[in-house]
Amino acid sequence: MSDSQLVRASSVMAVGTIASRVTGLIRNLLVVALLGTALLGDTYNVANTMPNILYNLLVGGALTAVFVPQIVRSLRDSDGGNAFISRLFTLTITFLFLLTVLGIVFAPQIVNIYAPDYAGRTEFDITVSLMRYCLPQIFFLGLFALLGQIANAKGKFGPMMWAPVINNLITIALFAFLLSNNQNLSVNNISDDQLLWLGLGTTAGYLAQAVILFPVIIKSGVKLSLKFDWVNAQIIKSFKLAGWSFVYALISQLSYLVTINIATSAAINAASDGITTGVGYTPYANAYLVLILPHSIIAVSIVTALLPKISNLVIDKKYLEITNSMSMAMKLIGLFTVPAAILFFAFGELVSNVLYFGISTQDANYLGLTLAAFAFGLIPVSINLVLLRGLNAFENLKSQVLGNLIMNLISVALSLLAANYLEPKYVTVGLAAIFTIHYFIGAGISFYLVKRHQIHLPVLKITFFYLKLILIFGLVITPIWLLRERFAGGNLIHLIGVVSVSIVLYFLILKLLKIAEVTSLIKVIKAGRQ
């Protein structure tokens, strides 16, 4: 895959991701409008997040990173990889089914782990009920991820990015219906039937998202069948690597467990102090959702297209091409993530007031403050994704585990300090700032690990490139921020004006300065359109 082909594939995925993220944002706006950002919203978010946590912990890392290089290798087999992929498919769905059943059975214990302060309260029963309705999402998430990675390995990138749109549209229809028929829901008046609609309706979207990929796999030429002869050298190797992926995910999820515990406890403590503003896990989760939009549209699209290419280059030992591809990807991502990060930092409250117009100004402002604390974490998150996928192409997870342990130990220590020394209403903001520190440390460790595989990335040049982008956009946004009170119109008009003026000036300055890296990237983009 050439650079122009990479950009073309990334562009297709980016369009699908934009549609997915926009509909996903609408979906979450409706959730917030219906359930609020206080305790009822927290119960739904904890319950609905749990399938993702368990999925990511036990199988997600393997499906989205470890298995792709293995699938790419199998495509060179005489049968085009059909036997290996079928074994992988059978083993994965069997494991997913068992995991889903165990999750449903032990839902009360899971709630006790992630939200211990709910014990003996109405929130506990609500969260358990919702979680049991949501946990089948584990199976459908895993099925979707596996089918999507098979399609990606075959060069079919678009469907995996468009399938979540179907999921979001189903959930949007559900929540729009519930919102039109139910007002002022709270933990004290929500009914069992309403919990059933919330939980199973959300899960139905994930079912549709997975099933829609089957025709894509069939059309790609892969012949799936159930194969239970799992004693196979390649399968055993894949699951040894998946074991390291599990350890990596376990470390991350234990750290995230601390975050959820601290955030939900902060909400309970703040409510005890008479604070009615949502200051717990819901503003954290929704601010993160906004933060990750540019990352998902740009970084994930580019890296998803990049991984199969790097996997083939690793097999052929073309290390210089790997270095150039990863450097190009980081720079292309930086063009978009740097201005997004600065905009979130400078105008977090404005962004949240526009997006979450259905909640009170106080709730929206707090969410915006949390977003501003998250903001600069967008840069290392995206860089780290490129580096980790490079390491995955080398099938190196063991060293990643140590790096992940270091960064998460620091994160947990800082989170505990925040919980002990910050006022309850500011704890969640502190957790968001710690997220940023966490990923800067992680990116530094990943740069070191990649270097050990003869991939000598020009770290100083990449750093200087990002600093130039930060300086340029910082100079653009500063006068706009200073003059923000003079803008006419409401919040939406303000935001449109800020974004459009700053982005136009940013790219105009980049062009006028004729920055070599930017010029070369623009040529690649133009080539990708042809």
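**Entry 1: a residue to start from**

Which helix does N408 lie in? I looked it up and found N408 in helix 15, residues 398-421.

Next I asked myself: is N408 buried or exposed? N408 counts as buried, because its relative accessibility is 5% and the cut-off for buried is under 20%. I then looked for its partners, leaving aside neighbours within four places in sequence. N408 is in contact with I251, S252, S255 and H438.

**Entry 2: the whole chain**

I stepped back to see the overall picture. I counted 19 helices and zero strands in the chain. The chain has 530 residues, and buried residues make up 58% of them.

**Entry 3: how confident is the prediction?**

I noted a mean pLDDT of 82 for the chain. Of its residues, 87% reach 70 or more. Which element has the lowest mean pLDDT, and which the highest? Helix 19, residues 516-529, has the lowest at 54, while helix 17 has the highest at 93. I keep this in mind when I look at helix 19.

**Entry 4: the nonpolar core**

I went inside next. The largest nonpolar core has 158 residues. Those with the most contacts inside it are M131, M326, M330, F344, Y356, L457 and Y466. Which helix gives the most to this core? I found that helix 12 does, with 19 residues.

Not counting residues up to four places away in sequence, M131 touches V46, A47, M50, A107, I110 and V111.

**Entry 5: a buried threonine**

I moved on to T203, which I found in helix 8, residues 192-211. T203 is buried, because its relative accessible area is 6% and buried means under 20%. Which residues does T203 contact, leaving aside its neighbours within four places in sequence? My list reads Y133, C134, P136, Q137 and F140.

**Entry 6: one salt bridge**

I searched the whole structure for salt bridges and found one. Side chains of opposite charge can pair when their charged atoms come close. Here the partners are E123 and R121, whose side chains meet at 3.1 Å, N to O.

I compared how covered the two partners are. E123 counts as buried, at 4% relative accessibility. R121 is partly exposed, with a relative accessible area of 34%.

**Entry 7: on the surface**

I found a nonpolar patch on the surface, formed by F97, L98, V101, L102, V105 and F106. Together these residues have about 570 Å² of accessible area. One of them, L102, lies in helix 3, residues 82-105.

Then I looked at S180, which sits in helix 7, residues 158-181. S180 counts as exposed, because its relative accessibility is 55% and the cut-off for exposed is over 50%. How many residues apart in sequence are S180 and L34? They are 146 residues apart in sequence, and 9.2 Å apart in space, C-alpha to C-alpha.

K451 was next on my list, and I found it in helix 16. K451 is exposed, with a relative accessible area of 54%. I checked K451 against L391: the two are 60 residues apart in sequence and 9.8 Å apart in space, C-alpha to C-alpha.

**Entry 8: two loops with a positive phi**

I finished with backbone angles. K317 has a phi near 55 degrees, a positive value in a residue other than glycine. Where does K317 lie? I placed K317 in the loop between helix 11 (281-315) and helix 12 (319-355). K317 is also exposed, with a relative accessible area of 61%.

Q454 is not a glycine either, and its phi is positive at about 65 degrees. I found Q454 in the loop between helix 16 (424-451) and helix 17 (459-482).

Key: Residues are numbered from 1 along each chain as its sequence is written. This is a predicted model: local features need pLDDT of at least 70, side-chain atom pairs count only at pLDDT 80 or more; totals for chains, interfaces and linings use all residues. Side-chain values use heavy atoms; hydrogens and water are left out. Helices (H or I, at least four residues) and strands (E, at least two) are DSSP runs, numbered from the N terminus. Buried means under 20% relative accessible area, exposed over 50%, partly exposed in between (1.4 Å probe, protein chains only). Patches are made of residues with over 30% relative accessible area and no salt bridge: like charges are joined within 9 Å, nonpolar side chains (Val, Leu, Ile, Met, Phe, Trp, Tyr) within 5 Å. Accessible areas come from the Shrake-Rupley method with a 1.4 Å probe; for residues, only the protein chains shown count as cover. A salt bridge is a side-chain nitrogen of Lys or Arg within 4 Å of a carboxyl oxygen of Asp or Glu. pLDDT is the predictor's confidence in each residue, from 0 to 100. Contact means heavy atoms within 4.5 Å. A nonpolar core is a set of buried Ala, Val, Leu, Ile, Met, Phe, Trp, Tyr and Cys residues joined through side-chain atoms within 4.5 Å.
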